[in-house]
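Trainee: I am new to this structure and would like a close look at a single part of it. Please take the nonpolar core and describe what surrounds it.

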Amino acid sequence: MRYPTSVDLLEFFGSEPDIQGDVSAYTVSDEDGASLVMSFNTADDSLQTTLLLRERAIAVVCHEGMTRMAFNEDTLACEFVHDDTRVMLTAKVKPNIRVEWSGLRTG
């Protein structure tokens, strides 16, 4: 799988990643008290999002087998395809954090 460049990721998140081995984690906060920690592992193409509200985790979602990660203007889109299921993540961080996970059976 091909990932966006580190410059593109830096521009989108507005912060340097915390890198540990094959895992890169980006953290971003907005003025409403929401934070997003998005981490991905290039060794197994997994991605995890943790959505926090005033430093309390309210949603954690993780998927493996990412097949696409790309930018569409101000939105990060990721796709995971497994047999007869397609899972999509779309995320925006400006002006406010918005994360949407969705799944669709394709078979």
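Mentor: What follows goes from the overall layout to the sheet and then to the core.

This is a predicted model, in which local features need pLDDT of at least 70 and side-chain atom pairs count only at pLDDT 80 or more, while totals for chains, interfaces and linings use all residues. Residues are numbered from 1 along each chain as its sequence is written, and side-chain values use heavy atoms, with hydrogens and water left out.

The protein has one helix and nine strands; helices (H or I, at least four residues) and strands (E, at least two) are DSSP runs, numbered from the N terminus. Along the sequence the pattern is α-β-β-β-β-β-β-β-β-β. The radius of gyration, 13 Å, is close to the 13 Å from the globule rule for 107 residues, so the protein is as compact as a globular protein of that length. That radius is taken over C-alpha atoms, and the rule is 2.2 Å times the number of residues to the power 0.38. The C-alpha atoms fill a box of roughly 40 × 25 × 25 Å along the principal axes.

Five strands form an open, antiparallel sheet in the order S1-S2-S3-S4-S5; two strands pair if DSSP finds at least two bridges between them. Valine 28 has leucine 36 in S3 as its bridge partner.

Now the core. Of the 107 residues, 36% are buried, meaning under 20% relative accessible area with a 1.4 Å probe, protein chains only. A nonpolar core is a set of buried Ala, Val, Leu, Ile, Met, Phe, Trp, Tyr and Cys residues joined through side-chain atoms within 4.5 Å. The largest one has 21 residues, and those with the most contacts inside it are Phe13, Met38, Phe40, Leu47, Met66, Met69 and Cys78. Two or more residues each come from helix H1 (6–13), S2, S3, strand S6 (66–72), strand S7 (75–82) and strand S8 (85–92). S3 gives the most, four residues.

Methionine 66 can be followed in detail. Leaving out residues up to four places away in sequence, methionine 66 touches Met1, Tyr3, Phe40, Asp45, Ser46, Leu47, Cys78, Glu79 and Phe80; contact means heavy atoms within 4.5 Å.

Technical notes. Buried < 20%, exposed > 50% of the residue type's maximum accessible area, 1.4 Å probe, protein only.
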